[in-house]
Structures are given as structure tokens and as C-alpha cells.
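Trainee: Could you take me through the aromatic rings of this model, with care over the terms?

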Amino acid sequence: MNDTTDRIAPTVDGFERVLPLEGVRNFRDLGGYLAAGGRRIRWRQLFRSASLGSLTARDHLALDALGLRAVFDLRATDERAREPVRWSGGPGPRLLDTDYVLDLSALSAVLPRPDADVGAARGAFRALYASLPRRFVPAYRGLFDALRRGEAPLAFNCSAGKDRPGVGAALLLSALGVPRSTILEDYLLSNEHYRPGPEIAVAMGSRHGAWLTTLRPEMMQVMLTVDASYLEAAFDAIEREHGSVEGYLEAELGIDRAARAALRER
């Protein structure tokens, strides 16, 4: 296969990109992508996901079979407290996280307004994404540190598996030399694989504020999907502040040229 046909294929070399778990949405393997030097990212080493707080017994068996060594939970402190990850049937992976308060004021100031349209809502999301690389330095540094320690296979998640892990995956794939076009296509897969039911408004309201339960359908649709311009806003912010993704990785996360080379070898 070549890069134009297999980089986002659902099945490559016998590996499924999306693992069909019962209690977890959007659990995806980052393996198989062509990277620097014509190499290909190893399968079953890096996974991105929505919350792992509703694992079923069958899900535990499936994840145990992956041999996960660590799970980095990118959710805020209160999100993790409301829906903790509990491993059953064995010691399970090491659970990693950072404590913080999630600030969604960029969204809550726009999306509930009766005069807001989809364009304004997407603009609010772009503003949010532009702030994520700066706001989540401790979390993303922790994620990279776990990989530098050799804690792979590793999964990382937030509530929906699309925003905070979306930027995290973009940084990891960039460090491994995956082209920007492939990174964006991987990011957009959340539109196919994160599809919650109508109950999500209540669940999101309990997590992030009652304003979410009042959103018009088109505003809720913006909340539940991703757009390439969001991730591009994060990249733009990184490049404005640091000149390049490599500059950000080195200055903020401690991932210099030697560390990137070591990660690529691993």
C-alpha cells in the first residue's frame, strides 16, 4: 500500500485502527502512519480515547490483551472524580494525570447566546484550541515523559477523546515525523467515531455546566464534532510563540532533537 491509500485506512496490515469497545467511544490506535525517514509508527503502542470511566468486563479483557502499561488521563480533577477509571481483573496499567480546573469560558460566553451562529461557535473553538498548547503544558509534558520512560503501550484520553487528546496526538505524531496532512486526517476521525446519543447534553451539563443543556441543536453539534481549523489554530499558536512545533516541544516539554530521535527509535 502507499501513503495515499493506507494512512487513514480502517484496517492496515491486519490491525484495526478503531477498537470496538462496549463502554468507551473513540478508542483509536495511532499506529501504521508513515513517519520520518519512510518509517511507520508501530501498531498497538499509542492509543487515544474518550473517557475510560465506563469500561465493561469485556472491555477490560480487550485492553488487558493490549498489554497497556500506562493510561494518561487528560481530564480535569473534577471530571476524574465524577467518573473515575477503575481497573478490574488484575493490576492494570499505571494511571497518570495532572490536577487542574477546566476553563470553558471561551465557549460558554458564545455558544448559549441566542444570536450566536455556527460561525461564531467555531470561532470560539478556534480560540479555545489556540490556548490548549499553553494551558496543557504540564499534562503534555507528563504524557511525553511517560513515553520517554518506556511506558508503552500507552493510552491517553479525555471525556470525548477529541479535543485535549486531539492536540496531544498532534504533538506526538509531529514529534515522530508524521506529515501535517496525516495528522489532520487522524484528528478528523473523531467525527466518525465519537457519536454520543441524545443523553449527552445532560451528561455534559453535569460535567461542565448547566449552560450546555440549553444549547440549540446546531450549537450542540459544534460541541460534539471537530473541524480542521481548530487543530490548525493550535498549530498556528504554537508557531507564533515558538517558531515551530519542534521549538514548542523543546522549550515547553523538554523534547529536544535527541529526545525526538530516541522516541522515533523506540
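Mentor: What follows is a close look at the aromatic rings and how they pair. The model is predicted, so local features are taken at pLDDT of at least 70, side-chain atom pairs count only at pLDDT 80 or more, and totals for chains, interfaces and linings use all residues. Residues are numbered from 1 along each chain as its sequence is written, and side-chain values use heavy atoms, with hydrogens and water left out.

A pair of aromatic rings is described by the distance of the centres and the angle of the planes. Over the whole structure, a search finds 7 aromatic pairs, where rings of Phe, Tyr and Trp (its six-membered ring) pair if their centres lie within 6.5 Å, and planes under 30 degrees apart count as stacked, over 60 as edge-to-face and the rest as tilted. One of these pairs joins Phe 136 and Tyr 140, which is tilted, at 5.9 Å centre to centre and with 40 degrees between the planes. Both Phe 136 and Tyr 140 are buried, a term for under 20% relative accessible area, with exposed meaning over 50% and partly exposed in between (1.4 Å probe, protein chains only).

Ring pairs also build a cluster, which links Phe 125, Tyr 129, Tyr 187 and Tyr 230. The ring of Phe 235 has a charge over it, for the charged end of Arg 180 sits 3.6 Å from the ring centre; the term requires NZ of Lys or CZ of Arg within 6 Å of the ring centre and within 35 degrees of the ring normal.
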